[in-house]
Amino acid sequence: MAIQGPIPISFEQVFPHGCYIVGEVEQVKDFDASSNGRTVYAKDKTTGETVWQVAVMDADPTVKAGQKTVSVKILSPVQPVPPAPLPNLPFTPVEFDAMTVTAYVAQNTGRLAWSIRARAMRAPRTATAPARQATAGKEVAA
């Protein structure tokens, strides 16, 4: 089979409506290696980089309430810094770069689940100049 390991995917494919940070960026603990009060933090098996995670809320209005919050793992040698909060918003919008997904079977449900990873997080991009120019002068129905 040609698919081996994590599957590259775009941010727009994972979160077509965007997403918002709803938790702190934390280092992922390696529960198998930790013992007797000694905490060991997870390293990526391929790159050796530290694994961080942040909880995000999917902005897709069709997603069920119990499935709206997911964890995104970020591979980085240093703690990733979330984008600055925006005024008048209760949550901070965020986008991720160099995303991958890995399918697995969830032990508690026996169902297919996805592990989401990224290489970086940043503030959402604004519309590009050509896209803004293409819509300039067009009327929008109210």
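## A walk from a hairpin to a pocket

Let's begin at a turn in the chain: β7 and β8 form a hairpin with six residues between the strands, and within this hairpin Gly 110 takes a positive phi near 75°. Keep in mind as you look around that this is a predicted model.

β7 and β8 run antiparallel to each other and pair over six bridges. To find one place where they face each other, look for Ala 103, which stands opposite Trp 114 in β8. β7 also has a partner in strand β1, residues 7-9; this pairing is antiparallel too and has three bridges. Here Ile 7 has Val 101 of β7 as its bridge partner.

In soluble globular proteins, nonpolar side chains tend to be buried together. The largest nonpolar core in this model has 18 residues, and Phe 15, Val 56, Phe 96 and Met 99 are those with the most contacts inside it. Several elements each supply at least two residues of this core: α1 (11-14) along with the strands β2 (19-21), β4 (51-58), β5 (69-75), β6 (92-97), β7 (99-105) and β8 (112-118). The largest share, three residues, comes from β4.

Which residues is Met 99 in contact with, leaving aside its neighbours within four places in sequence? They are Ile 7, Pro 8, Ile 9, Ser 10, Phe 11, Val 14, Phe 15, Ile 116, Arg 117 and Ala 118.

Next, let's look for open space. Rolling a probe the size of a water molecule over the atoms shows where empty space is left. The largest pocket has a volume of about 1,500 Å³. Its lining is made up of 42 residues, and those nearest the centre are Lys 73, Tyr 104, Trp 114, Ser 115 and Ile 116. You have already met Trp 114 opposite Ala 103, and Ile 116 among the contacts of Met 99. β8 gives the largest share of the lining, seven residues, while α1, β4, β5, β7 and β8 each supply at least two. Sorted by class, the lining has 19 nonpolar, 12 polar and 11 charged residues.

One last stop is Gly 48, in the loop between β3 (26-27) and β4.

Technical notes
Residues are numbered from 1 along each chain as its sequence is written. This is a predicted model: local features need pLDDT of at least 70, side-chain atom pairs count only at pLDDT 80 or more; totals for chains, interfaces and linings use all residues. Side-chain values use heavy atoms; hydrogens and water are left out. A nonpolar core is a set of buried Ala, Val, Leu, Ile, Met, Phe, Trp, Tyr and Cys residues joined through side-chain atoms within 4.5 Å. Buried means under 20% relative accessible area, exposed over 50%, partly exposed in between (1.4 Å probe, protein chains only). Helices (H or I, at least four residues) and strands (E, at least two) are DSSP runs, numbered from the N terminus. Contact means heavy atoms within 4.5 Å. On a 1 Å grid over the protein atoms alone, a cavity is a set of points where a 1.4 Å probe fits but cannot get out, and a pocket is an open set with protein on both sides within 12 Å along at least five of seven lines; lining residues have an atom within 4 Å of a point. Grid points are joined across faces, edges and corners, and a volume is the space filled by probe spheres set on the points. Ala, Val, Leu, Ile, Met, Phe, Trp, Tyr, Cys and Pro count as nonpolar, Asp, Glu, Lys and Arg as charged, and the others, Gly among them, as polar. Two strands pair if DSSP finds at least two bridges between them.
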